[in-house]
Every structure is written in C-alpha cells, then in structure tokens.
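Me: I am new to reading structures like this one. Could you walk me through a few features?

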Amino acid sequence: MGGDLGLKMESILANDHRALLAWFARSNVLLAFDYDGTLAPIAPTPESARMRHSTRVLLARAARLYPCVIISGRALDDLTRRLRHIPAWYLFGNHGLEPPPAGAAAPTPAHAWALHLKKHLPPDPGLVIEDKRYSLTIHYRNVRDKRAAIDAINHAVSELPDARALAGAEAVSLLPRGGGDKGVALQQASRWFACDSAIYVGDDATDEDAFTSKYPERLLTIRVGHTEESRASYHLDRQEDIDVLLGILVELRNGESVTSRRRGMAVR
C-alpha cells in the first residue's frame, strides 16, 4: 500500500481512515517506527533528542499489544539506552545495518569516510560528523550558511563511490552501497515475527526504503510531515501527532494480549 510519487498524501488521522487503521489493528500486523523525528522530536543535537513522557507511555502500551520494532539511524547501543524499559520486540540500529548478520565481515568503511570528510569539509563548529561505525551522519543544523554547507557535503561525498547518501532533516547519512537499509530491516522483522502486514512510520528520506518495501504486501506507510516527494501513503501533520496515532492503535487492540496473538488468534 505504498504511495505514488506526486500524489497528495492524506492524513492518516482523518476520520475517513479510521476503518483502515482498524483493519490493520485486527490483522497480524507489525508496528515499526523510526526514532528521530518520529518517536522523538528533532533536537538541536543528536544527544539531546528525547521522547516525550506521553510518547514513552503510549509506545510501551503498544509494544505490549503488537509486535513492535524500532528501525533507527542511531547506533544500536545509543538506541538501546533511549528505549530502556520499552518492551519492543527488536531494535535495529544504523538504518538496519546493526546488529550485523552472524559471521559478517568487518564493519563498513564509515571510519574511512569520516577521515575523508574531516579533510575536505570546512572546519565549521556547527558541522558535525557522527561516525557510527556501520554508517555515518553529517549534521549541519547549526551551520549558519546551510547552502554552502550542503554544497561542500555534496562535493566531498561525491568522492566516496562506495557510499550511498540519504538526505535527512538537516543531515546527510552515508550507508554502504548494496548493503542493508530500513526496507531490508522491515522485511526481516516481518518474517521473523510471522507478520503478513505492517505499519511503518518515519519522517525523512532515510525512511523511503521502508516506504517502498515490497514485503509485506499489506504495508501501511506513514510519514511525519507532508511532502509530495515521499512514497509514503499517508502522513501525520506534525511529530506530536505520533501520540494520537499510538493512542488509536492501543485503543483498537485494547484487550488482546500478545500471547493470544502468538497462538494464532489474530483476525486476518
């Protein structure tokens, strides 16, 4: 149920779409969320991003009612700390690259990319290179001349042929070409937990791989913020609306236990 580029995304919270949410809630559905900009508001620095208490409470309730995974660009140990006491079924870090498959080779060239960027990007204190071992993110939120920063980033990244660049919220993430991504992670989680449908919520270009995933076939994709450049089917007007969506999902599944679902009692 992915969206078509150029078609207007409607708000998933519109009354007309409550029946759609109810259908997914009754199905054998996986809930999957990005973290920054989705579960947590975008913050001035990566370290300062935190979920609101209300979101934390609602996410914990949802994770007790549904198979629930978080697929984030953050390093896995960082993500794990931020989701302490949330009973999520699985956490993916580094856009799905972490944890790496058993027996996988050495980490991606993120450290080498960081060294290259430090040499070729201007020494602006507002330009932060975050080396996450499996991926890398260049933050330019606190740079005064953002246009010049973007031009410098694009030029430096163009000299890294093995890096795939994904534009985010005043940041650029680098992943290895041909490697994993959020779409692959979503497919893995759907198979692991035997879910034949999924709801994925994200907020920027790093989530497009999940928005365009071909599996599971019954996929409801929701973008935080409206843009005609996204393949998501629906949107939330603002990040705060994640609480409304979580509240609806909890209400729709209220009273059904995870144990009963595991025994095959979900309505399909």
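Predicted model: local features only at pLDDT ≥ 70, side-chain atom pairs only at ≥ 80, totals over all residues.

Me: Is Trp192 buried, partly exposed or exposed, and what is its relative accessible area?

Reply: Residues are numbered from 1 along each chain as its sequence is written, and side-chain values use heavy atoms, leaving out hydrogens and water. Buried means under 20% relative accessible area, exposed over 50% and partly exposed in between (1.4 Å probe, protein chains only). Trp192, with 48%, is partly exposed, whereas Phe92 is buried at 2%.

Me: How do I read a pair of aromatic rings?

Reply: Such a pair is described by the distance of the centres and the angle of the planes. Rings of Phe, Tyr and Trp (its six-membered ring) pair if their centres lie within 6.5 Å; planes under 30 degrees apart are stacked, over 60 edge-to-face, and the rest tilted. The count here is 6 aromatic pairs. One of them is Phe92 with Trp192, stacked at 5.8 Å centre to centre and 15 degrees between the planes.

Me: Which residues does Ser190 touch, not counting residues up to four places away in sequence?

Reply: Contact means heavy atoms within 4.5 Å. Ser190 touches Leu30, Cys195, Ala198, Tyr215 and Pro216. Ser190 has 0% relative accessibility, so Ser190 counts as buried.
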